[in-house]
Amino acid sequence: MQKDLGGYRKTYEKSELTEERISDNPMELFQKWFYETEASEGVEEPNAMTVSTIGLDGFPKSRVVLLKKYTHEGFIFYTNYDSEKGRAIANNSKVCVSFFWPFMERQIIIKGVAEKIPENLSDGYFESRPDGSKLGAIVSEQSTVIASREVLEVKLKELEKEYETKEILRPKNWGGYIVKPISMEFWQGRPNRLHDRIRFSLENIDWKIDRLAP
C-alpha cells in the first residue's frame, strides 16, 4: 500500500511575525495569539495541545490533551498520574507541548519541565467538572489494558448508583501538571515556504529572542 502525497500544496499568506511587533515575554505573545485564535472562530478547540514525553521504554510519545489554564508561569493540564504520560513525567519531567492552529497558519512549540500543581488547585478544578467527568476519572485506570468497553460501562453504572447520595471526591492519583517553559518557538506560515520562526530561550530570568531559518 502506498500513496504519494507530494502534490499537497498550501500557500500561507494570512499574517507575518516580526521582531518589531512582539513583546519581550513569550507568554504575552502566546496570550495574543490565543485570543486571536479564539476570536477567529475557525478553530473548534484552540486549547487542544500536543504533549510529548519520553516513555519508560525510551521512546517519545505524543498525545493531544486540553489546556485548562495558562499563567505567567506556564501551562496547566489534568490527567491520571498513574497513566502512561504520568509515569513518563515522573521518570523524566522534560516535556514538549505544541499548539497547531492551521486556520491561523500558526504553530507554537514549547519545551519545558512538568510539575504537579498543589493538591488544593487540583481539588478546585475537579469540583468544577460535571459529575459524569468526575466518575469517568475514577472509572478509568488510564493506559491499562482492559477486556472490553463493557467493563468500563458496567463499572460506571455501579459508581453512578454508589454516588447518588454522596460527594464525588478527587482521586489522589488524578490531578494537574504545570509545564514551565524554558523555550517557546512561534511559527507563522509565510509565502514560498519562507516561514517566520521566532524562538524565546530562557537564560536565568531573561528571555533571549532569536529568529530561526524556516
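Start by selecting Thr79 and Lys85: their side chains make a polar contact at 2.9 Å. Here that term means a pair of N or O atoms within 3.5 Å, where one must be able to donate a hydrogen and the other to accept it, and residues adjacent in sequence count only if both atoms are side-chain atoms.

This is a predicted model, with pLDDT of at least 70 needed for local features and 80 or more for side-chain atom pairs, while totals for chains, interfaces and linings use all residues. Numbering runs from 1 along each chain as its sequence is written, and side-chain values use heavy atoms, leaving out hydrogens and water.

**Stay on Thr79.** Colour strand E4, residues 75-80; Thr79 sits in it. Strands are DSSP runs of E, at least two residues; helices are runs of H or I, at least four. Is Thr79 buried or exposed? Thr79 counts as buried because its relative accessibility is 4%, and the cut-off is under 20% (1.4 Å probe, protein chains only).

**Show its surroundings.** Thr79 then has contacts (heavy atoms within 4.5 Å) with Lys85, Gln142, Asn173, Trp174, Gly175 and Tyr177.

**Select 174-214.** An unreviewed UniProt entry annotates this span as "domain: Pyridoxine 5'-phosphate oxidase dimerisation C-terminal". Such annotations may be inferred rather than shown by experiment. The span is 71% strand and 0% helix, and its end C-alpha atoms lie 39 Å apart.

**Zoom out.** The protein has 5 helices and 9 strands. From the N terminus, the order is α-β-β-β-β-α-β-β-α-α-α-β-β-β. The C-alpha atoms fill a box of roughly 60 × 50 × 40 Å along the principal axes. Of 214 residues, 37% count as buried.

Technical notes
Buried means under 20% relative accessible area, exposed over 50%, partly exposed in between (1.4 Å probe, protein chains only). Lists of a residue's contacts leave out its neighbours within four places in sequence.
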